[in-house]
Protein chains: 4
Amino acid sequence: MESFSDGVFAVAITLLVLDLSVPSGGRSLIGALADEWPEFAAFAISFVVIGVIWVNHHAVLTTLPRADRTVLFANLALLMSIVVIPFATAMFARYATEGGDASHTAGALFAGAQLFMAITFSTLYVLVMRRSHADVDAADPVGRLRSTLRFGLGGFAYAVCIPLAFVNAVLVLAVCGGVAVYYVLDQVTVRPA
Amino acid sequence: MESFSDGVFAVAITLLVLDLSVPSGGRSLIGALADEWPEFAAFAISFVVIGVIWVNHHAVLTTLPRADRTVLFANLALLMSIVVIPFATAMFARYATEGGDASHTAGALFAGAQLFMAITFSTLYVLVMRRSHADVDAADPVGRLRSTLRFGLGGFAYAVCIPLAFVNAVLVLAVCGGVAVYYVLDQVTVRPA
Amino acid sequence: MESFSDGVFAVAITLLVLDLSVPSGGRSLIGALADEWPEFAAFAISFVVIGVIWVNHHAVLTTLPRADRTVLFANLALLMSIVVIPFATAMFARYATEGGDASHTAGALFAGAQLFMAITFSTLYVLVMRRSHADVDAADPVGRLRSTLRFGLGGFAYAVCIPLAFVNAVLVLAVCGGVAVYYVLDQVTVRPA
Amino acid sequence: MESFSDGVFAVAITLLVLDLSVPSGGRSLIGALADEWPEFAAFAISFVVIGVIWVNHHAVLTTLPRADRTVLFANLALLMSIVVIPFATAMFARYATEGGDASHTAGALFAGAQLFMAITFSTLYVLVMRRSHADVDAADPVGRLRSTLRFGLGGFAYAVCIPLAFVNAVLVLAVCGGVAVYYVLDQVTVRPA
């Protein structure tokens with residue numbers, strides 16, 4: 001299960017580069033690239049998010065004694081959410097600065113894809129923790145609270161981004177970027193039971 | 001053999017995302033995405049099918065004591081069928097709702113690709129079982145019957161889909177989707193000999 | 001070295017599917033696909049060739065006691081030849097039936113890419129055999145002759161294909177397809193020293 | 001961490017093939033391919049650079065006793081620089097021979113991507129060496145000087161390429177090609193502490 005999951009993560013994170021489009025000629029290349037900044041921002045955020053989820057996925061799965069069908073299914077759902085991210089990123093990059101309805105929709109879907117990933121990862125996480133009896137910062141009530149907050153925070157922030165996208169799609173970038181940075185700094189640390 | 005196969009499965013399942021096309025501008029993005037629904041349905045079905053075959057592939061191969069040339073060749077045939085699926089999916093997604101001859105052909109080829117995969121997987125399965133003397137639900141006659149039915153079912157359903165595609169391509173989605181869900185719920189469980 | 005090489009093989013073999021193009025609309029889909037037959041033939045040949053080289057690569061590398069710089073470099077050259085194959089395949093598929101100069105050039109380059117791969121693989125093979133003191137069918141003079149013939153055959157056939165392409169590009173398909181089938185049936189078997 | 005990194009390296013190095021474009025018809029295929037020479041040169045350089053970094057990455061990581069958050073983060077930064085290279089290569093290949101501002105910008109970005117990779121790899125290297133207490137040619141002052149020069153050289157050459165690109169983009173190819181060859185010949189050799 002791990003080598004397959006690692007492969008999907010690695011391919012999906014690398015396919016993000018296909019979302020960076022080489023500008024067609026006819027005007028200043030620097031200017032054309034500068035106009036593509038949401039593409040680069042979305043690429044960087046998606047890259048960090050997939051990278052962080054991969055690190056956490058690894059930490060969580062190492063505590064699993066034996067994969068059963070439910071866990072495999074939850075893992076497949078997580079992988080599907082990972083695979084969808086390059087698509088949502090490409091759509092966001094294409095429409096984010098167009099303004100109007102399309103940018104709102106693209107922003108909401110970008111946030112929605114990350115929310116889908118947060119939900120599938122949390123589900124997998126809960127399933128694995130139940131089976132492994134490992135504890136994630138849960139030895140004491142403060143750790144447990146912190147752990148709950150951490151998981152809740154991402155889901156909450158992504159959920160908030162969906163209506164936020166209808167105000168301004170670029171706000172989604174700011175919030176998702178902030179969440180990505182937060183998760184880089186505060187990664188899941190799993191303690192064996 | 002396993003790491004290479006895992007790699008091919010992982011890449012093929014992730015390449016499916018390239019079949020999801022970002023709509024070009026000029027009209028409502030939500031409307032354009034809604035019109036692309038067969039693309040998303042085909043993506044989801046192909047994703048689940050490759051995922052399920054991967055899980056089963058893994059379960060079957062772990063019983064194999066030593067890979068010989070025939071098994072390697074059968075495995076390569078299975079991998080070729082896996083690699084073809086993103087192509088068949090892309091073609092189906094492109095033509096499914098166009099109606100007319102093209103949608104029928106695309107539906108038949110989508111089902112045909114899944115049939116090809118079912119046949120190559122069954123072949124590999126039989127070859128490995130003969131070599132490993134492992135038994136798959138075959139300790140008793142009921143298990144054996146169930147196992148035969150399970151394998152037969154997928155092949156039968158996919159084969160039925162081919163003429164069905166000439167009635168309506170969308171019916172193919174419904175049947176293949178049903179088979180995918182069935183295989184998620186009833187996965188191969190291999191018992192060592 | 002193995003996991004990286006396996007990854008490159010797996011990605012390259014799967015990227016071949018991107019060479020299969022979904023026909024654009026406007027005419028009969030079956031007819032359009034039938035016209036694309038060189039695409040499918042080239043895909044199948046390249047798939048089998050990469051698959052066979054992967055199997056042999058694996059067999060050869062398992063005898064290597066320790067990778068040094070020369071072997072790593074030879075391996076990188078082989079991987080570059082593998083990575084180039086989807087490009088040569090795409091070009092061949094695009095031009096093979098156009099006739100005229102372009103089809104000849106594309107055929108010659110398709111054969112040339114396979115020749116490049118045969119040369120880099122033979123180089124790696126010789127280097128590894130020298131280090132591992134393993135013997136490949138070389139215990140007796142007949143085995144040694146057979147082994148030399150086998151390696152020579154592929155290189156010779158690919159080299160012959162280059163002028164042959166200037167007669168008719170489709171002949172290249174026939175010869176390369178024949179070589180691929182031959183290598184499936186007669187794989188390298190490495191005997192430890 | 002290794003299998004994921006290996007996967008990213010393998011996918012990125014293979015995706016480089018997507019930067020090789022099949023010429024569209026309408027003129028001599030050989031001539032069209034000859035005009036694409038910067039594409040092939042950039043492909044080869046990027047291939048060798050990623051390959052060399054992968055070999056060195058492997059050598060460095062094997063000395064790491066245990067991955068902590070800082071190392072994981074530095075590794076993710078390196079992987080991001082690797083993933084960006086196919087994009088920078090594609091842009092360079094597209095604009096290198098166009099002349100004018102676009103070729104200068106594309107050359108500078110191609111060199112900049114390699115500089116980014118050199119910086120992230122050096123950072124990872126320093127972090128891992130501190131943790132592993134392994135020494136890289138540092139047993140004696142000469143070895144230490146040589147090691148520093150080696151790392152400095154690449155960064156220096158890439159940095160020099162950025163202004164150089166504004167003289168002539170093709171000079172970037174020459175310098176980066178030279179650095180790639182140098183790194184193939186003088187790879188990092190890590191000695192356990």
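Biologist: How many residues of chain C are in contact with chain B?
Modeller: This is a predicted model. On the chain B side, 26 residues take part in the contact. The number from chain C is 32 residues.

Biologist: How much area do chain C and chain B bury between them?
Modeller: The size of an interface is often given as the accessible area lost when the parts come together. For chain C and chain B, 82% of that area lies on carbon and sulfur atoms. The buried area is about 2,400 Å².

Biologist: How many residue pairs are in polar contact between chain C and chain B?
Modeller: The count of salt bridges between these two chains is zero. For polar contact, both residues must be at pLDDT 80 or more, and the count between chain C and chain B is then one residue pair.

Biologist: Which element gives the largest share of the side of chain C that touches chain B?
Modeller: At least two residues each come from α1 (2-15), α2 (29-35), α3 (37-61) and α7 (169-185) of chain C. By class, this side of chain C has 23 nonpolar, seven polar and two charged residues. The largest share is ten residues, and the element that supplies it is α3(C).

Biologist: What area is buried between chain B and chain A?
Modeller: Here 32 residues of chain B meet 26 residues of chain A. Carbon and sulfur atoms give 82% of the buried area.

Biologist: How many residues does α3(B) give to the side of chain B that touches chain A?
Modeller: Two or more residues come from each of α1 (2-15), α2 (29-35), α3 (37-61) and α7 (169-185) of chain B. This side of chain B divides into 23 nonpolar, seven polar and two charged residues. Among the elements, α3(B) gives the most, with ten residues.

Biologist: Within chain A, is α3(A) roughly parallel or roughly antiparallel to α4(A)?
Modeller: Helix α3 (residues 37-61) and helix α4 (residues 69-95) of chain A have axes 9 Å apart. The angle between them is about 170°, and angles over 145 degrees count as roughly antiparallel. Therefore α3(A) and α4(A) are roughly antiparallel.

Biologist: How many residues of the contact of α3(A) with α4(A) are nonpolar?
Modeller: The contact includes Phe43(A), Ile50(A) and Ile53(A) from α3(A), and Leu78(A), Ile82(A) and Phe92(A) from α4(A). Glu39(A) and His57(A) of α3(A) also belong to it, as do Asn75(A) and Thr89(A) of α4(A). Four of the residues are polar and one is charged, while the number of nonpolar residues is nine.

Notes: Residues numbered from 1 in each chain as written. Chains lettered and ligands numbered in written order. Predicted model: local features only at pLDDT ≥ 70, side-chain atom pairs only at ≥ 80, totals over all residues. Heavy atoms only, no water. Axes fitted to C-alpha atoms, helices over the stretch in contact; angles between N-to-C directions. Helix = DSSP H or I, 4+ residues; strand = E, 2+ residues; numbered from the N terminus. Parallel < 35°, antiparallel > 145°, perpendicular 65-115°, else oblique. Contact = heavy atoms within 4.5 Å. Nonpolar A, V, L, I, M, F, W, Y, C, P; charged D, E, K, R; others polar. Buried area = accessible area lost by both parts, 1.4 Å probe. Salt bridge = Lys/Arg side-chain N within 4 Å of Asp/Glu carboxyl O. Polar contact = N/O pair within 3.5 Å; in protein donor to acceptor, adjacent residues only side chain to side chain.
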